[in-house]
Amino acid sequence: MSDSLSVTADPELVGIAPVERSTAAWPAVFALAMGVFALVSAEFLPASVLTSIAADLSISVGAAGQTVTMTSLVGVVAAIFTPIVTSRFDRRLVLWALISLLAVSSILTAVANGFAMLLAARFLLGLSLGGFWSMAPALSLRLVPVQAVPRALAIISAGVSAAFIGGGPLGAYLDALIGWRMVFALSAGLAGIALLVLMTTMPSLPSQTAPKLGTLAILLSRPSVRLMLISVLIIISGQFTGFTYIRPFLEQVPQLGVAAITSVLLGYGVGNVIGNFAGGAVAARGVKLAIVSFALAIAALALGMILFGASPIVSGIAVALWGFAFGFAPVGFQSWMVRTAADHAEAASGLLTAAFLVAIASGAVFGGLLVDHVGGWAPIAYMAAATFAGAVLVLVAGKEPPRP
């Protein structure tokens with residue numbers, strides 16, 4: 001096995017750091033996936049307990065949705081600056097600190113006595129989420145050989161897919177059973193387990209580089225990186241305008257009860273897990289193909305939900321297929337990033353994470369306005385338009401990134 005990554009002569013891929021272990025550190029990769037699972041579950045728990053939070057704290061559903069916005073906006077800053085601020089520290093120590101911050105955030109959310117305290121707790125979650133995500137995909141380059149990087153990215157992305165179950169149907173079910181506050185208390189416990197797994201599996205990873213703000217300028221000067229970020233902003237804003245407010249849609253359009261909503265969200269989560277690994281296989285054939293295909297599929301499914309979503313069967317099937325299609329997204333965009341900016345992996349991961357979080361925040365804000373002033377169907381309509389526009393952009397302007 002080669003001690004270094006073998007890449008093409010493409011100038012964008014020169015200078016990748018060597019793999020730091022003679023054998024792949026797969027337990028550490030799975031630990032990263034578990035950390036991602038704990039973080040993303042906490043991030044999207046409000047989507048499954050939105051109406052309960054709103055009723056308990058006497059705020060509107062749209063206002064409750066802004067807890068997602070707070071997390072995302074803070075995460076943007078954390079994603080960009082965490083690699084810079086922590087550049088002198090062993091990466092595993094930084095990961096441990098960030099997961100500990102998740103536990104504190106979940107505890108504060110569980111005991112929140114008002115909207116201000118809830119936002120403060122979600123502020124801390126944003127720091128943890130943005131920082132952790134800025135490092136996790138980049139660290140896969142240091143834990144496994146280059147041939148195994150796509151598989152490692154798929155495993156890490158599977159943490160996101162699993163979170164759509166933990167933060168979706170399971171969250172809705174437990175909300176009805178024990179209340180939304182206890183749901184977030186369980187989230188704190190999950191963070192503690194993730195911390196324990198990270199502490200027992202993650203090898204020492206001293207910082208190799210000292211990212212600077214100038215590194216961001218270097219990355220943004222690359223057309224492939226700019227296109228990736230713009231497409232993320234468009235497609236993911238549409239995705240999360242719809243997903244953040246999926247419960248109001250299911251309550252207002254097909255008029256489903258809590259049990260049925262739980263089943264539908266479970267279908268989304270299971271579909272997303274399957275789609276994650278299917279997306280990895282498609283991305284191995286072509287990153288552009290993976291991104292365009294999932295965005296077009298979501299646009300078509302959203303249109304179907306608008307036209308025929310009054311049928312509970314149609315809505316349930318469409319949401320499950322939507323989850324499957326979105327499973328392509330994390331591995332698709334991360335593969336694009338790894339191929340075009342592996343020489344500045346942590347900084348590039350930070351930019352990609354920042355773009356995702358800006359898109360999620362804008363989706364939550366716009367979706368909140370739509371659901372409060374138009375109706376539960378409106379966020380789904382915007383999702384159809386945005387994902388279609390993003391697919392067309394990548395199809396027309398995108399260039400398949402070079403393979404390592």
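This is a predicted model: local features need pLDDT of at least 70, side-chain atom pairs count only at pLDDT 80 or more; totals for chains, interfaces and linings use all residues.
By class, 14 nonpolar, three polar and one charged residues make up the lining of the largest cavity. Rolling a probe the size of a water molecule over the atoms shows where empty space is left. The count comes to one cavity of 30 Å³ or more. The space in the largest cavity is about 260 Å³.

Which residues are closest to the centre of the largest cavity? Of the 18 residues in its lining, they are Trp133, Val160, Gln334, Phe356 and Ile360. Several helices take part in the lining: H1 (26-57), H4 (115-143), H14 (328-341) and H15 (345-373) are the elements that give two or more residues to the largest cavity. Helix H15 gives the most, with six residues.

Is Ala158 buried or exposed? Its relative accessible area is 16%, and because buried means under 20%, Ala158 counts as buried.

What is Ala158 in contact with, once its neighbours within four places in sequence are left aside? The contacts are Asn276 and Phe277. For a sense of spacing, Pro137 can be taken as a reference: Ala158 and Pro137 are 21 residues apart in sequence, and their C-alpha atoms are 12 Å apart in space.

Terms used:
Residues are numbered from 1 along each chain as its sequence is written. Side-chain values use heavy atoms; hydrogens and water are left out. On a 1 Å grid over the protein atoms alone, a cavity is a set of points where a 1.4 Å probe fits but cannot get out, and a pocket is an open set with protein on both sides within 12 Å along at least five of seven lines; lining residues have an atom within 4 Å of a point. Grid points are joined across faces, edges and corners, and a volume is the space filled by probe spheres set on the points. Helices (H or I, at least four residues) and strands (E, at least two) are DSSP runs, numbered from the N terminus. Ala, Val, Leu, Ile, Met, Phe, Trp, Tyr, Cys and Pro count as nonpolar, Asp, Glu, Lys and Arg as charged, and the others, Gly among them, as polar. Buried means under 20% relative accessible area, exposed over 50%, partly exposed in between (1.4 Å probe, protein chains only). Contact means heavy atoms within 4.5 Å.
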